[in-house]
Amino acid sequence: MTDAMVQGLHEREEGRIRRFFSRRLRNREDAVDATQETFMRMLEASRSTLIENPQAYLFQVARSVARVASERAAREQALFVAEEDGIEHAEDRPIQDRIVNARQCLLIMARTIEGLPNRCQQVFILSRLHGLSNGAIAEQLGISRNMVEKHIIRALLECRKMRVEIIF
C-alpha cells in the first residue's frame with residue numbers, strides 16, 4: 001500500500017473515523033488526536049505490511065487506538081481522587097530534581113520542534129500551541145488541509161521518537 005493510497009483512504013474515511021472516536025471518547029480534542037494517531041499508524045504500517053483490505057484494517061487500527069485511549073483515560077481518572085477518600089493536600093512545590101528533569105525534557109522537545117522543517121514547525125505550533133483547527137491553519141498558511149495533517153503527523157512522529165529517547 002502506497003502513501004497515496006493511505007491519502008485516499010484518509011480523504012474518504014476521516015469523517016467516519018472521527019465520528020467513531022467522538023462517540024467512544026466523548027471529547028473532541030481526544031477524537032482529533034486519536035484520528036491522527038490512527039492515520040499515522042496506517043501510514044507506518046503501509047510501508048512495511050501488505051494490507052489486503054485497507055478499510056477493514058483502518059477500522060481495526062481505530063478500535064485499537066480507541067481501546068488504548070480509553071484505558072489511558074481510566075488510569076488518569078483513577079489519579080484524581082476526592083479529598084474525602086483519604087487524600088489530604090498535595091505539596092504545593094514539586095521536588096527540585098523533578099523541576100530540573102522537566103525543564104531538561106522541555107528543552108529537548110523544544111529543540112526537536114526547532115529542528116523540524118520551517119513549514120512543518122509553523123503548522124505544529126499553530127495546531128498544538130495556539131489550538132487552531134486544521135482548516136484554520138490551512139487557510140492562514142495557504143496550503144491544503146491534507147498538507148496540514150501531513151505536517152502534524154510528521155511533527156508528532158519526531159516528538160514521539162524523541163520522547164522514547166528521553167524515557168530510555
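Modeller: Leaving aside neighbours within four places in sequence, T38 is in contact with F21, L58, V61, A62 and V65, and I start from that residue, bearing in mind that this is a predicted model. T38 lies in helix α2, which covers residues 28-46, and with a relative accessibility of 0% T38 counts as buried, because the cut-off for that class is under 20%.

E37 belongs to helix α2 as well, and its pair links distant parts of the chain, since its partner R160 sits in helix α7, 123 residues apart. The side chains of E37 and R160 meet in a salt bridge, at 2.6 Å from N to O. E37 counts as buried because its relative accessibility is 17%, whereas R160, at 29%, counts as partly exposed.

By class, the lining of the largest pocket divides into 11 nonpolar, 2 polar and 10 charged residues.

The second largest pocket, with a volume of about 340 Å³, is lined by 17 residues, of which R28, V32, L132, S133 and N134 lie nearest its centre. Helix α2 gives the most to this lining, with 6 residues, while α1, α2, α5, α6 (134-141) and α7 each supply at least two. Here the classes are 4 nonpolar, 7 polar and 6 charged residues.

Helices α1 and α7, which also contribute to the lining of the second largest pocket, are joined by a further salt bridge, that of E14 with R145, whose closest N and O atoms are 3.7 Å apart. This pair again links distant parts of the chain, with E14 in helix α1 and R145 in helix α7, 131 residues apart. E14 counts as buried at 12% relative accessibility, and R145 as partly exposed at 37%. Salt bridges that share partners join E14, R18, R145 and E149 into one network, and the count of salt bridges comes to 9.

Methods
Residues numbered from 1 in each chain as written. Predicted model: local features only at pLDDT ≥ 70, side-chain atom pairs only at ≥ 80, totals over all residues. Heavy atoms only, no water. Helix = DSSP H or I, 4+ residues; strand = E, 2+ residues; numbered from the N terminus. Buried < 20%, exposed > 50% of the residue type's maximum accessible area, 1.4 Å probe, protein only. Contact = heavy atoms within 4.5 Å. Nonpolar A, V, L, I, M, F, W, Y, C, P; charged D, E, K, R; others polar. 1 Å grid on protein atoms, 1.4 Å probe; cavity = no way out; pocket = protein on both sides within 12 Å on 5 of 7 lines; lining within 4 Å. Points joined across faces, edges and corners; volume = space filled by probe spheres on them. Salt bridge = Lys/Arg side-chain N within 4 Å of Asp/Glu carboxyl O.
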